[in-house]
Amino acid sequence: MKINRKILKRYNKSGFTTLRKSEMTAEGFNPKFFTHYWKNRKGEVYLFVYEYGFLSTRNNGKEKYVLVTWQDYMARNLK
């Protein structure tokens with residue numbers, strides 16, 4: 001998890017970024033290691049490594065991750 005958090009932190013400086021999966025996995029990112037998850041109203045599940053989250057998606061035929069940071073409003077939707 002330490003490596004995943006370090007990679008997410010490095011690439012997500014703005015708080016919301018989209019990045020190719022291949023770029024992150026080449027650096028050692030493993031999506032199977034996460035601390036918790038959050039589901040948005042659309043039903044998409046964001047996986048988090050502490051305060052840094054990611055969503056697996058496909059855009060223009062390419063596998064990508066949408067990177068986000070934890071926001072206070074996300075805690076209200078937890079059960």
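Start by colouring by pLDDT, which is the predictor's confidence in each residue, from 0 to 100. The mean pLDDT of the protein chain is 93, and 96% of its residues reach 70 or more. Where pLDDT is low, predicted coordinates should not be read in detail.

Some ground rules before you click. This is a predicted model, in which local features need pLDDT of at least 70, side-chain atom pairs count only at pLDDT 80 or more, and totals for chains, interfaces and linings use all residues. Residues are numbered from 1 along each chain as its sequence is written, and side-chain values use heavy atoms, with hydrogens and water left out.

**Stop 1: the cartoon view**

Helices (H or I, at least four residues) and strands (E, at least two) are DSSP runs, numbered from the N terminus. Select residues 72–76: that's helix H3, the element with the lowest mean pLDDT, 86. Now try residues 45–49, strand E3, where the mean pLDDT is the highest among the elements, at 97.

**Stop 2: the sheet**

Two strands pair if DSSP finds at least two bridges between them. Show the strands alone. In what order do the five strands sit in the sheet? They run E1-E5-E4-E3-E2, forming an open sheet with antiparallel pairing. Strand E1 (16–20) and strand E2 (36–39) are the edges, each pairing on one side only. On average, neighbouring strands are turned by 30 degrees against each other, direction ignored. (Axes are lines fitted to C-alpha atoms, for helices over the stretch in contact, and angles run from 0 to 180 degrees between N-to-C directions.)

E2 and E3 pair in the antiparallel sense over four bridges; pick Trp-38 and you'll find its bridge partner, Tyr-46, in E3.

Show the E1 side chains: Thr-17 and Leu-19 make up the covered face, while Phe-16, Thr-18 and Arg-20 are on the uncovered one.

**Stop 3: helix H1**

Select residues 2–11. Helix H1 lies across E1, E3, strand E4 (52–59) and strand E5 (62–69), running at about 70 degrees to E4. Which of its residues are buried? Buried means under 20% relative accessible area, exposed over 50%, and partly exposed in between (1.4 Å probe, protein chains only). In H1, the buried ones are Asn-4, Ile-7, Leu-8 and Tyr-11. Look down the axis of H1: its buried residues fall within an arc of 95 degrees, so they line one face of the helix. (That arc is taken from the directions from the helix axis to the C-beta atoms.) On the other side of H1, Lys-2 and Lys-6 are exposed.

Contact means heavy atoms within 4.5 Å. The buried residues of H1 pack against E1, helix H2 (21–26), E3, E4 and E5. Click on Asn-4, which is buried with a relative accessible area of 2%. Leaving aside residues up to four places away in sequence, Asn-4 touches Gly-28, Phe-29, Asn-30, Phe-33 and Val-49.

**Stop 4: the cores**

A nonpolar core is a set of buried Ala, Val, Leu, Ile, Met, Phe, Trp, Tyr and Cys residues joined through side-chain atoms within 4.5 Å. Select the largest one: its 12 residues include Ile-7, Met-24, Phe-29, Leu-47, Phe-54 and Leu-67. H1, E3, E4 and E5 each give two or more residues to this core, and the largest share, three residues, comes from H1. Apart from it lies another core, of seven residues, among them Tyr-46, Phe-48, Leu-55 and Val-68.

**Stop 5**

Find Tyr-50 in the loop between E3 and E4. Its phi is near 60 degrees, a positive value in a residue other than glycine, and Tyr-50 counts as partly exposed at 45% relative accessibility. Next, go to Asn-60, in the loop between E4 and E5. Phi of Asn-60 is near 55 degrees, again positive in a residue other than glycine, and at 73% relative accessibility Asn-60 counts as exposed.

Finish at Asp-72 in helix H3, exposed at 67% relative accessibility.
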